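Open the model in your viewer and keep the selection panel at hand. Each stop below names what to select and what to look for.

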Amino acid sequence: MHLTSEEEKIFNGEFGWAYQVSMRILVRLGELFGATQLIPIESAHISGVSYKTLGDAPIDFFESLVEAGGKVQVPSTVNPSSFDPEYLAKRFPEDYLKKQLHVVDLYEKMGIKPTLTCTPYYLRQPKLGCHLAWSESSAVIYANSVLGSWTNREGGPSALAAALIGKTPNYGVHKAENREANVLIEVKSTLRDETDFGALGIHVGKLLKNEIPVFEGLSRCTKDDLKQLGAGLASSGMTTMFHYQKKSIKEKLETVFVEADDIKNTIENLSTSFERSDLIFIGCPHCSLREIQRVAQALKGKKVKKGNELWICTSSHVRETAEKYVNIIKEADGHVLCNTCAVVTWIKKLGIDTMMTNSAKTAYYAPTLNEVDVTLASMTKCIEESCK
Ligand code: F3S
């Protein structure tokens, strides 16, 4: 990799250990993937925040970066933590809360905004065609495919290193030639709701390795549907972007057909329980304003049944913007939680064994990461179930 003289100095430690170790991570990564240079990034988004998923091991590393004076060079945001400040914070041991707050504090000391959301694009939408270093797979695929920004699927450490240097190696989808679709997915089924879109993502993600699909047949879809499609694709596979407009196809591509049965079977296979659910969870990835509005409309004038828990997870930014809808949800005894989600918190410790969700990504991960049974169903059905 070619380094400028300033980059060489950073590499050799002339600007301190925090920048040296970050530069070394980026150069190693770049060399592994055949990058020729570092390119400036507009922003970084860093996963690896929830103390539940992170554990103690990386905390020493973050402390060392802070002690060495490491500060981010570009606007940087972080993924959800393991609890929200109001509802869940009271339900976990003090020790867990202290550790979690310490992790967030360390990130803040490096100049990172404690946004604690997996949908940073609702807070600040990156520009079309700009380069990013993001490390939340659902946000990466959304940025590349829906927002038209350019980011590889970083790991937490490489996104943090990129934030501290303000640059990333130029490989993968940072190059125009690697952003072309190379497999056509013909969807032969009408997708009814966001859950069908998520299930399509899980089904296709399993079939692809790291190809870039272009979908045909997504006649009516919202950005929220595309968010679910991307989250599904990036969960069951390594896909970093997709196209959903056929005009982006330049040549004849290998074609995969998706039938109605593929969607139905995926939803059935992701559902491990059809019993009553202890928790009904909406907001993976974190809800948009429109999704909170839909929940409020569905809940208006109803009550969540005693003994049921309904969580709607979003960012604090969206929650503030959605105040009137949040009030409707609260009046119905639902909980609008920010800074966390059901996957990255200790739901099992709250006595939750079964969960219903409209998110195919959550249904894909929760049985292993949270050791709970899951029912996957649309938002409408989830809300109906919560009031039954
Ligand atoms: Fe976000 Fe949690 Fe889903 S971090 S993408 S809501 S698993």
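Select D193 and T195. In this predicted model, D193 caps the N-terminal end of helix 8. One of its side-chain oxygens lies 3.1 Å from the backbone nitrogen of T195.

Now extend the selection to residues 194–207, which is helix 8. The helix has 14 residues. From first C-alpha to last it reaches 20 Å, close to the 20 Å expected at 1.5 Å a residue. Is helix 8 mostly covered or mostly uncovered? Mostly covered: 12 of the 14 residues are buried. Colour the buried ones; among them are E194, D196, F197, H203 and G205.

Go on to helix 9, residues 223–236. This helix also has 14 residues, and its C-alpha span is 20 Å, close to the expected 20 Å. Here 13 of the 14 residues are buried, so helix 9 is largely enclosed by the rest of the structure.

Next, colour by domain. Domain 1 covers 5–176, domain 2 covers 180–269 and domain 3 covers 271–387.

In which order do the strands run? The order is 11-10-9-12-13, with parallel pairing. Strand 11 (335–338) and strand 13 (373–376) are the edges, each pairing on one side only. Neighbouring strands are turned by 25 degrees against each other on average, direction ignored.

Zoom in on strand 9 (279–282) and strand 10 (309–314). Four bridges join them in the parallel sense. Pick I282: opposite it, in strand 10, stands I312.

Last stop: S273, in the loop between helix 10 (260–270) and strand 9. Is S273 buried or exposed? Its relative accessibility is 8%, under the 20% cut-off, so S273 counts as buried. Draw a distance from the S273 side chain to E275: a polar atom of that side chain lies 3.1 Å from the backbone nitrogen of E275. Finally, list what S273 touches beyond four places in sequence: T354, D373, V374 and T375.

Key. Residues are numbered from 1 along each chain as its sequence is written. This is a predicted model: local features need pLDDT of at least 70, side-chain atom pairs count only at pLDDT 80 or more; totals for chains, interfaces and linings use all residues. Side-chain values use heavy atoms; hydrogens and water are left out. Helices (H or I, at least four residues) and strands (E, at least two) are DSSP runs, numbered from the N terminus. The expected span of a helix is 1.5 Å times one less than its number of residues. Buried means under 20% relative accessible area, exposed over 50%, partly exposed in between (1.4 Å probe, protein chains only). A polar contact is a pair of N or O atoms within 3.5 Å; within protein, one must be able to donate a hydrogen and the other to accept it, and residues adjacent in sequence count only if both atoms are side-chain atoms. Two strands pair if DSSP finds at least two bridges between them. Axes are lines fitted to C-alpha atoms, for helices over the stretch in contact, and angles run from 0 to 180 degrees between N-to-C directions. Domain bounds come from an automatic or database domain assignment. Contact means heavy atoms within 4.5 Å.
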